[in-house]
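Trainee: Could we go through this one together? I would like to begin with the helix packing and then move on to the rings and the backbone.

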Amino acid sequence: MRCLPVTKLEEGMVVGKTIYTSDGRPLLRRGIVLEKRHIDRLKRLGVPVIYIEEEPLRGIDAEDIIMDKVRMNAVQEARRLMLKIRRELRFYNKKIFDIDLSEDIERVRKVVDSLMKEVFRTREALYSFIDVRGIEDFIYGHMVNVTVLGMMTGLSLGYKADKLFLLGVGLFLHDIGKALLDDTVLAYQKVFEEEKNPLIIEHTITGYQIVKSIPDVSLLSAHVAYQHHERVDGSGYPRGLSGSDIHDFAKIASVVNVYDILVSGAPFHPRVKPNEAVEIVKRNVGSMFDKEVVEAFLKNVALYPVGSMVRLSTGEIAVVSQTRKGFPDAPVVRIIRDKDGRSLELPVEIDLSVNRDIRVEEIIE
Ligand SMILES: [Fe+2]
């Protein structure tokens, strides 16, 4: 399979991976031959990319760090929680502190625990997967991705299970304050906070108040919600904290939050290729992000995820077939076209971590 922007889809292409909605229903099943109505629907729902299957790419499988069923359950729980808070605040006019989240937090703990087990199970693997979802479902998938990427980073920083779990709970709840915001307000959020909208700044404060008010939740987890938009140079919000005044958990949240928005695409930000997102993260070390955290984070993400079509330094066109930890920029690729653009009858696989004289030049879509 390979990953293709929805704008490039053509009728007759075959879906390579089932796409689900955040309530767990399949939107398009693997193996379906695309018709115009399918493509129109994907566009309408704002799905940016999907995986498609093609003959020369058979056997290339973009595997998530976490099992599909664990991810789906986590996304559904994220949705349930956000919709509940929204409902209670808007329809029942409750105040933040009157919402009883004691049962919900138990469910969140189970979800975080299941995600953490997966992060431990796949600790030797790179995050080499594009999360495919509609724009309406952005926030729920984002809550899960941030949790997974953040816990992977924590693990690379040497965190043990107890600490990782507190971090995970905080990450899962980092944007909970957004349950109070209208979609129209959220559409104006900026990834790089040149313009600070007071309503958006609010989501960190209300998020903190919500998490803090849940019995038996560590204050550390609440601080992830509070501080995840703080920047190490003091340019963030809501308090403009800098350096060591920002908690390490929040420094992690800050990096993975921006990275996921960049690669997954959000209502307020167009999707960026993973290698470009990594560049952006690196460029902002010292201003937005903590150096040590970014180094730990970068050990975990593939620049060229499985299923990416790439141009090699030899001029050949290939699709990434495998990625390995320790070699984020040197995947195994399957060459499908020669430098003159002719399709190869027998595609060849080469491991770029061994053939160091050949590099990936760019991802082509
Ligand atoms: Fe946020």
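Trainee: Which residues of helix 10 are buried?

Mentor: Bear in mind that this is a predicted model. In helix 10 the buried residues are Pro274, Asn275, Ala277, Val278, Ile280 and Val281.

Trainee: And what covers the buried residues of helix 10?

Mentor: The cover includes helix 9, helix 11 (291-298) and strand 10 (360-363).

Trainee: Let's take helix 9, then. At what angle do the axes of helix 9 and helix 10 cross?

Mentor: The axes of helix 9 (residues 248-264) and helix 10 (residues 274-283) cross at roughly 145 degrees and come within 9 Å, and the crossing is right-handed. On the helix 9 side the contact is made by Val255, Tyr259, Leu262 and Val263, and on the helix 10 side by Pro274, Ala277, Val278, Ile280 and Val281.

Trainee: What does valine 255 touch?

Mentor: Setting aside residues up to four places away in sequence, valine 255 touches Val281, Phe289, Val293, Val294 and Phe297. Of these, phenylalanine 289 is 34 residues from valine 255 in sequence, with a C-alpha to C-alpha distance of 6.4 Å.

Trainee: What about tyrosine 259, buried or exposed?

Mentor: Tyrosine 259, which is also found in helix 9, counts as buried because its relative accessibility is 3%, where buried means under 20%. Leaving aside neighbours within four places in sequence, tyrosine 259 is in contact with Pro274, Ala277, Val278 and Val281, and its contacts also include Leu149, Phe297, Val301 and Ala302.

Trainee: How far is tyrosine 259 from glutamate 202, C-alpha to C-alpha?

Mentor: Those two C-alpha atoms are separated by 22 Å, and the residues are 57 apart along the chain.

Trainee: Switching to rings, how many aromatic pairs are there?

Mentor: The count comes to four aromatic pairs. One of the pairs is formed by tyrosine 51 and phenylalanine 129, with ring centres 6.5 Å apart and planes at 25 degrees, so it is stacked.

Trainee: What lies over the face of tyrosine 159?

Mentor: Lysine 163 does, at 4.1 Å from the ring centre.

Trainee: Now the backbone. Where is the cis peptide bond?

Mentor: The cis bond joins tyrosine 237 and proline 238, with omega about 5 degrees, and proline 238 is found in the loop between helix 8 (219-227) and helix 9.

Trainee: What is phi at asparagine 93?

Mentor: Phi of asparagine 93 is near 55 degrees, a positive value in a residue other than glycine. Asparagine 93 is in the loop between helix 2 (68-90) and helix 3, and with a relative accessible area of 60% it is exposed.

Trainee: And what about phi at aspartate 216?

Mentor: Aspartate 216, not a glycine either, has a positive phi of about 65 degrees. Its place is in the loop between helix 7 (198-213) and helix 8, where aspartate 216 is exposed with a relative accessible area of 70%.

Terms used:
Residues numbered from 1 in each chain as written. Predicted model: local features only at pLDDT ≥ 70, side-chain atom pairs only at ≥ 80, totals over all residues. Heavy atoms only, no water. Axes fitted to C-alpha atoms, helices over the stretch in contact; angles between N-to-C directions. Helix = DSSP H or I, 4+ residues; strand = E, 2+ residues; numbered from the N terminus. Left-handed = near helix turned anticlockwise from the far one by under 90°. Contact = heavy atoms within 4.5 Å. Phe/Tyr/Trp six-rings, centres within 6.5 Å; stacked < 30°, edge-to-face > 60°. Lys NZ or Arg CZ within 6 Å of the ring centre and 35° of its normal. Buried < 20%, exposed > 50% of the residue type's maximum accessible area, 1.4 Å probe, protein only.
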